[in-house]
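Here is a short briefing on one protein model. Look at the sequence and the structure first, then read on.

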Amino acid sequence: MIATVLLSIGIVFLAELGDKSQLMALTFALRYRWWVVLGGIATASAAVHLISVGVGHFLGAALPTRAIALVAAVTFLAVGLWTLREHFGTGDDNPEPKTPKAAGAPFFVVLSAFLLAELGDRTMFATAALATDYDWVGVWLGSTIGMVAADALAIAVGILVGKHLPEHAIGIGSGLLFLYFGSATLLGAAAPALGGAAVAGLAALAPALAGAALLLTRMARRTSPARLHTVRHPGAADPVAVPAARADRPRPLPRSER
């Protein structure tokens with residue numbers, strides 16, 4: 001069984017290097033705490049691989065992969081738009097992002113996103129194939145450990161990157177990445193004949209257009225008449241402080257009292 005576990009770890013770990021799950025893990029690590037992301041990934045991986053080794057390649061052939069991909073695409077797009085709306089705010093006047101009110105919301109967001117992304121993925125089919133020839137318990141443990149280890153590397157990269165970037169920029173960047181994931185997943189499900197390069201290029205249009213829209217909106221807010229009216233020159237006096245200063249100034253005595 002130990003050999004089966006090690007074999008499954010190696011196969012799944014190598015299969016996950018450079019896969020979309022690592023990019024998702026990095027993006028989530030920029031937004032949420034690392035143990036929340038790792039817990040959601042581990043739970044989703046254990047569930048997906050349990051399904052794949054339990055029913056094997058029969059379930060894999062019967063899975064409605066296109067429907068699952070469409071649901072995953074909608075989920076990624078919704079998370080991306082929600083993140084941009086939360087972090088974009090009103091521009092430079094309010095750059096601080098808002099945190100979710102529910103403490104368990106980040107965990108369930110990560111769990112649902114990875115669960116939908118991995119159902120019907122190549123890793124699931126590889127795990128099902130291994131389970132037909134090896135002990136299913138060892139394959140399940142090894143595949144889960146391999147995926148968590150690969151995504152843990154991406155989480156570590158996200159933590160290092162997050163220390164050198166402002167939280168506002170991280171939020172906007174993660175929102176744009178989720179728009180890319182959603183667009184790529186949607187294109188892959190709607191037009192499976194497209195090649196990987198074509199899907200990547202077309203999917204990049206969504207975050208590019210969204211980023212351009214954010215920049216134009218920010219520029220429009222900065223140059224709005226109401227904002228320009230409130231801007232003062234560095235040497236100008238504060239209009240609120242001028243009446244107060246005049247009120248504090250001593251009044252001259254009448255001539256009869258001098």
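The axes of helix α1 (residues 2–16) and helix α8 (residues 136–162) come within 7 Å and cross at roughly 35°. This is a predicted model.

**α1 against α8**
- The crossing of α1 past α8 is right-handed.
- From α1, the residues in contact are Thr4, Val5, Ser8, Ile9, Val12, Phe13 and Glu16.
- They meet a set of α8 residues that includes Gly138, Leu141, Ile145, Met147, Ala150 and Leu153.
- By class, this contact of α1 with α8 holds 11 nonpolar, 6 polar and 2 charged residues.

**α2 against α8**
- α2 also has an axis that comes within 7 Å of the axis of α8, and the two cross at roughly 40°.
- α2 passes α8 in a right-handed crossing.
- Ser21, Gln22, Ala25, Leu26, Ala29 and Leu30 are the α2 residues that meet α8.
- Their partners in α8 include Ala150, Asp151, Ala154, Val157, Gly158 and Val161.
- The contact of α2 with α8 divides into 10 nonpolar, 4 polar and 1 charged.
- Ala150, Asp151 and Leu153 of α8 are listed in the contact with α1 and in the contact with α2.

**The second largest pocket**
- The volume of the second largest pocket is about 500 Å³.
- Its lining has 22 residues, and Lys20, Ala69, Asp121, Ala184 and Thr185 lie nearest the centre.
- At least two lining residues come from each of α2 (20–31), α5 (65–88), α6 (105–118), α9 (167–190) and α10 (196–203).
- By class, the lining has 14 nonpolar, 5 polar and 3 charged residues.

**Confidence**
- The protein averages a pLDDT of 75, and 74% of the residues score at least 70.
- Among the elements, α8 has the highest mean pLDDT, at 88.
- Helix α13 (residues 241–248) has the lowest, at 51.
- The pLDDT is below 50 over residues 90–103.
- That stretch has 15 contacts in the model beyond near neighbours in sequence.

Terms used:
Residues are numbered from 1 along each chain as its sequence is written. This is a predicted model: local features need pLDDT of at least 70, side-chain atom pairs count only at pLDDT 80 or more; totals for chains, interfaces and linings use all residues. Side-chain values use heavy atoms; hydrogens and water are left out. On a 1 Å grid over the protein atoms alone, a cavity is a set of points where a 1.4 Å probe fits but cannot get out, and a pocket is an open set with protein on both sides within 12 Å along at least five of seven lines; lining residues have an atom within 4 Å of a point. Grid points are joined across faces, edges and corners, and a volume is the space filled by probe spheres set on the points. Helices (H or I, at least four residues) and strands (E, at least two) are DSSP runs, numbered from the N terminus. Ala, Val, Leu, Ile, Met, Phe, Trp, Tyr, Cys and Pro count as nonpolar, Asp, Glu, Lys and Arg as charged, and the others, Gly among them, as polar. Axes are lines fitted to C-alpha atoms, for helices over the stretch in contact, and angles run from 0 to 180 degrees between N-to-C directions. A crossing is left-handed if the near helix is turned anticlockwise from the far one by less than a right angle, and right-handed if clockwise. Contact means heavy atoms within 4.5 Å. pLDDT is the predictor's confidence in each residue, from 0 to 100.
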